[in-house]
Amino acid sequence: MALSTTVLGKRRVRNSSLVLRLSSSPAPSESDGSEYAQGEESDTATVAGPPTTPVEAGRKARYPCTHSGCTRSYSKPSRLSEHYRSHTGERPFACKECGKSYLRETHLQAHNRSHLPESKKPYVCTQSPNCTKRFWTSQHLHIHENTHRGEKAYTCTEEGCEEAFTKHHQLRTHVCEAHSPPGTKPYICSHSSCTKSFLTNQKLRGHLKTHEEKRYTCSHPNCIPMESNVPIYFGTWTALQGHIRTTHRPTCTYESCNGRTFTSHHNLRAHLKLHEQRDAEDHLHSGEESDGEMSRARKRRRGGELGRDWKCDYPNCGKDFKSKRSLTTHNNIIHLGQRNHVCPHLHCNSAFGYKHLLQRHLVKIHSSKDTQSHSDEETPDTGAAADTTEVDLDIEEITGKAYSHRSQNPKSIRCPYPHIEDLLASSSDSTIPSASSSKTCDHVLTRAYDLRRHLKAEHGVLVDKQKVDQWTHARKRAQAV
């Protein structure tokens, strides 16, 4: 047995160490050379022996990370540069074969091995003559060889369960199938009040962030922490947005609005656009002069004059609008005569193109009648019979001449009342008057839906939806021919 004295490092060591090598000792490897190089940079001597991990705790980390909220520090500028790429997202090391990029050069080198053939892998399984698998690292080889030896390093931690497995994914599958509710996925959230599970570890890590109470903070100037207050944190993005909508609502900066607030920035931008148009119109009208005097002020339209790019194409109309929707509504009501807002009261043939006109009609006409009928019920007159004379109003007296123009439209149909026997929902309905004793209805419609509502509100008739749809479709086809 030979003894040899070896002094490591370029500096002289006071107490030199002895290295005892036996015949069973492993031969020096390349990793030993890397340890020797690290020993050259150290102030102390290193004794060659079993592989050990270099400890850098004794070194002073002189290069701290300057990113906001990061407390990491490193002893070398190169290590700091590698770490800082995790904040900036820079990936300077790209693969020439597939284009994938990485933060570190070592990661790229490990990836490049995936493009090499199987024969280039240096670690070969020797546990079984029938096994020819090869691996890039000794760690992967050791895990694989455990499967041949029958070693099961992953044991179930549930009480009363003694199952063990050679691979971690087998243990996860066992926990899902034997100790979890049906449908549980392999990666289970460990939070006490959460029962969610995921298919991949990446999705689980993303989910775990939702349980962090200090995940988001408000950056509004009023919420910036000062000496007297603490920052406000939120666990989810939805909670932060709800706080911003309720506490820091978008506000108009014009003095004339007196701090008017809006529910969203979209509504605020639309409101500010109105201010810009008004300012432009004021500037335009202030420069109008005729014969050295201010021209006579014109009546301004609602919404201003600017931005009216949608013009009506009907002859002798000439109206213009600020949106296509307003132009379409104008054409349907004024030129096509559509009256989709029908009075719901029985025996009232009124229909209107705009909803506010129907509301005004209900307030002026029917609200007063309901009040009067209610007072008559409280003080009945027994001496005289009630006047039951009905006023017969023609439909054109109610809605104007629009119905006559509307009836000429090929898509328009007239109300079939009282010839509605084939449209009734129930054939046993005896409340329908005979066709000979009832006056025909001149109401004009364009949709089966409007016809059903009209028959119910005006004539008190319930019809079958499918029958009305078929009748309306057949009537339109006949009129088109």
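Analyst: Let us begin with a term: a helix is a DSSP run of H or I with at least four residues, and helices are numbered from the N terminus. The model shown here is predicted. In it, Asp 469 and Lys 465 both belong to helix α14 (residues 465-480), four residues apart, about one turn of the helix.

User: What do Asp 469 and Lys 465 form?

Analyst: Side chains of opposite charge can pair when their charged atoms come close. Here Asp 469 forms a salt bridge with Lys 465, with the closest N and O atoms 3.2 Å apart. Asp 469 is partly exposed, at a relative accessible area of 29%.

User: How many salt bridges are there by this rule?

Analyst: The count comes to seven salt bridges.

User: Which residues are linked in a network of salt bridges?

Analyst: Arg 79, Glu 82 and Arg 104 are linked in this way. Glu 82 and Arg 79 both lie in helix α2 (residues 77-88), three residues apart, and their closest N and O atoms are 4.0 Å apart. Glu 82 also meets Arg 104 in a salt bridge (3.4 Å, N to O). Arg 104 lies in the loop between β6 (101-102) and α3 (105-112) and Glu 82 in helix α2, so this pair ties together parts that are 22 residues apart in sequence.

User: How many aromatic pairs are counted?

Analyst: The count is one aromatic pair. Tyr 216 and Trp 237 form this edge-to-face pair, 5.6 Å centre to centre, with 70° between the planes. Tyr 216 lies in strand β13 (residues 216-217) and Trp 237 in helix α7 (residues 237-247), 21 residues apart.

Notes. Residues numbered from 1 in each chain as written. Predicted model: local features only at pLDDT ≥ 70, side-chain atom pairs only at ≥ 80, totals over all residues. Heavy atoms only, no water. Phe/Tyr/Trp six-rings, centres within 6.5 Å; stacked < 30°, edge-to-face > 60°. Helix = DSSP H or I, 4+ residues; strand = E, 2+ residues; numbered from the N terminus. Salt bridge = Lys/Arg side-chain N within 4 Å of Asp/Glu carboxyl O. Buried < 20%, exposed > 50% of the residue type's maximum accessible area, 1.4 Å probe, protein only.
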